[in-house]
Amino acid sequence: ITESSAAPVRAALRSAHLDSSIDAVVLRINSPGGSATVSESLWRTSQNLVAEKPLIVSFGNVAASGGFYSAMSANRIFAHSATITGSIGVILARANFGQLSKKLGIDVDVIHPEGGGGKYAHLFGGGPAALTESWNEVIEKRLDVIMDGMYGLFKKRVMEGRKMDGPAVENLARGRVWSGLDAYRNGLIDELGGLNESLDYAKQMIGVEKDDAVNIRVFPKPSNALWKVLGLSKETRDDDFEVNDVKEGMTRTLVKEFGGLLIVNLL
């Protein structure tokens, strides 16, 4: 999960929030994680949506770390038995080319203007010094404080979203990875199932019978190449489909291979 991958999802969630013709949202997540900050932004956008409309999350093959974090606002979470999920934890890694730069005879000098910045600010700016200077004990202690704060916030979101107390979450956290089946047994998800079951539950939440047809908008829109792969004709290339067509004709291929946000427009 990066800012570039999350930005269109946040935009679609905000659009769904404001669009009176959309009654419920199904968010398909297929991600091993990424930025903690971006995951928090997805959580916050989802939280705003849930205040007005149901949000059902469907986990794909992987929904771990930031992918799991992003789902904590959902009214209901579905996953397959073999989905890789959980990984409630935070890590920080960086490449250090200090030894390589010495072998190549490359020196990096850092100048701090008087009163113009923190002593270690250059280590987090993305410049050459950030890639060549080793972290000392002082820096590591400061990073531990930052990481503990991120980890604590992640656990708080899980406690709120999954209605668990702190010890229960900690027992499932610390970076542990769970199968969908184990996640279900431990209360990290609500039900075992795929996108079809998520769509059915969305219909149930807004009072529509399971077998009733509804209109679905898919975000991002499938490309022309994908339409050909799915065998859909030009006449069927529309923003809206009957749910049965989606379930039987294109859903699994579309989401598994391309991911995306599925907005259920229940008319």
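This is a predicted model: local features need pLDDT of at least 70, side-chain atom pairs count only at pLDDT 80 or more; totals for chains, interfaces and linings use all residues.

Author: Burial first: a residue is buried under 20% relative accessible area, exposed over 50% and partly exposed in between, using a 1.4 Å probe and protein chains only. Residues are numbered from 1 along each chain as its sequence is written, and side-chain values use heavy atoms, leaving out hydrogens and water.

Phe97 sits in the loop between strand S4 (84–86) and helix H4 (98–103); helices are DSSP runs of H or I with at least four residues, strands are E runs with at least two, both numbered from the N terminus. With Leu100, Leu104, Ile106, Val108, Val110 and Leu131, Phe97 makes up a nonpolar surface patch, about 570 Å² of accessible area together. (Such a patch takes Val, Leu, Ile, Met, Phe, Trp or Tyr with over 30% relative accessible area and no salt bridge, side chains joined within 5 Å; a salt bridge puts a Lys or Arg side-chain nitrogen within 4 Å of an Asp or Glu carboxyl oxygen; areas are Shrake-Rupley with a 1.4 Å probe.)

Now inwards, to helix H2 (residues 36–50). Its 15 residues reach 21 Å from first C-alpha to last, close to the 21 Å expected at 1.5 Å a residue (1.5 Å times one less than the residue count). The buried residues of H2 are Val38, Ser39, Glu40, Leu42, Trp43, Thr45, Ser46 and Leu49. They pack against H1, strand S1 (24–31), S2, H3 and H6, contact meaning heavy atoms within 4.5 Å.

H1 (residues 3–18) is one of those neighbours. The ends of its 16 residues lie 22 Å apart, C-alpha to C-alpha, in agreement with the 22 Å they should span. Buried here are Ala6, Arg10, Ala12, Leu13 and Ala16. Looking down the axis of H1, these buried residues fall within an arc of 165°, so they line one face of the helix. Ser4 and Leu18 are exposed on the other side of H1.

Two loops deserve a glance as well. Ser65, between strand S2 (55–64) and helix H3 (66–69), has a positive phi near 55° though it isn't glycine, and it is buried at 17% relative accessible area. Lys163, in the loop between helix H6 (137–162) and helix H7 (166–172), also has a phi near 55°, but Lys163 is exposed at 74%. Most residues other than glycine have a negative phi.

Notes: The arc is that of the directions from the helix axis to the C-beta atoms. Patches are made of residues with over 30% relative accessible area and no salt bridge: like charges are joined within 9 Å, nonpolar side chains (Val, Leu, Ile, Met, Phe, Trp, Tyr) within 5 Å.
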